[in-house]
Amino acid sequence: MIESIKNKTILYSKIFSINLVTYPINHSVRAHVDNVQKGRYYKLNFILVQPKVGGVFKCTKCILNLFNRVYLFRPDKYEHSVTKIESGKRVLLSFALNI
C-alpha cells in the first residue's frame, strides 16, 4: 500500500494559504492544471527535502525556478506534475495566492 501525502495547513484564507506538504516514496503527481473560480492563482514552492531519486517537479512554464528548489508558477494556467519518487521523500513549503 502506498503511504498517503501529509498536508499540514499552516495558514488559510480565501486568498492566501501556506502548507507544509510531504510526499512519500512511490508517490507521483499526474500532469494537471488547478481550477480556480476566479482570479489569478500563484504558487511559490520551496523544496525543503529532495528525494534521493525521482520526485522531479515539471511545469510547462515557470515564472521563476531557482536551483530546482524554489518555484514560482501559475498552477491555474500551466500544466504541472511531479515524477514518481523512487527513493526518499519530498517535502515542500507551499505559499498560494489567489487574486
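1. A disulfide is defined here as a pair of cysteine sulfur atoms within 2.5 Å. Keep that cut-off in mind for the next point. The model you are looking at is predicted.

2. Start with the cysteines. How far is the sulfur of Cys59 from the closest cysteine sulfur? The distance is 4.2 Å, and the partner is Cys62. A search of the whole structure finds 0 disulfides. As background, a disulfide is a covalent bond between the sulfur atoms of two cysteines. Cys62 itself is partly exposed, with a relative accessibility of 26%.

3. Now the sheet. In general, strands of a sheet pair through backbone hydrogen bonds, either parallel or antiparallel. Which sense is found here? The pairing is antiparallel, in an open sheet of 6 strands. Read across the sheet, the order is β1-β2-β11-β4-β8-β7. Strands β1 and β7 stand at the edges. Each has a single partner strand, so one side of each is left without a neighbour in the sheet. From one strand to the next, the twist averages 15 degrees.

4. Strand β7 covers residues 62-66, and Ile63 lies in it. Strand β8 covers residues 70-73. How many bridges join β7 and β8? There are 4, in the antiparallel sense. In one of the pairs, Leu66 has Val70 of β8 as its bridge partner.

5. Leu66 also belongs to a surface feature. Together with Ile63, Leu64 and Phe67, Leu66 forms a nonpolar patch on the surface. The accessible area of the four together is about 420 Å².

6. Is Tyr12 buried or exposed? Tyr12 is exposed, because its relative accessible area of 65% is over the 50% cut-off. Along the chain, Tyr12 and His27 are 15 residues apart. Their C-alpha atoms are separated by 25 Å.

7. Finish with Glu3, in the segment before β1 (6-12). Its relative accessible area is 45%, so Glu3 counts as partly exposed. Which distance separates the C-alpha atoms of Glu3 and Ile25? The separation is 7.6 Å, although the two residues are 22 residues apart along the chain.

Terms used: Residues numbered from 1 in each chain as written. Predicted model: local features only at pLDDT ≥ 70, side-chain atom pairs only at ≥ 80, totals over all residues. Heavy atoms only, no water. Helix = DSSP H or I, 4+ residues; strand = E, 2+ residues; numbered from the N terminus. Buried < 20%, exposed > 50% of the residue type's maximum accessible area, 1.4 Å probe, protein only. Patch = residues over 30% accessible without salt bridge, like charges linked within 9 Å, V, L, I, M, F, W, Y side chains within 5 Å. Areas by Shrake-Rupley, 256 points an atom, 1.4 Å probe, with all protein chains shown as cover. Salt bridge = Lys/Arg side-chain N within 4 Å of Asp/Glu carboxyl O. Pairing = 2+ DSSP bridges. Axes fitted to C-alpha atoms, helices over the stretch in contact; angles between N-to-C directions.
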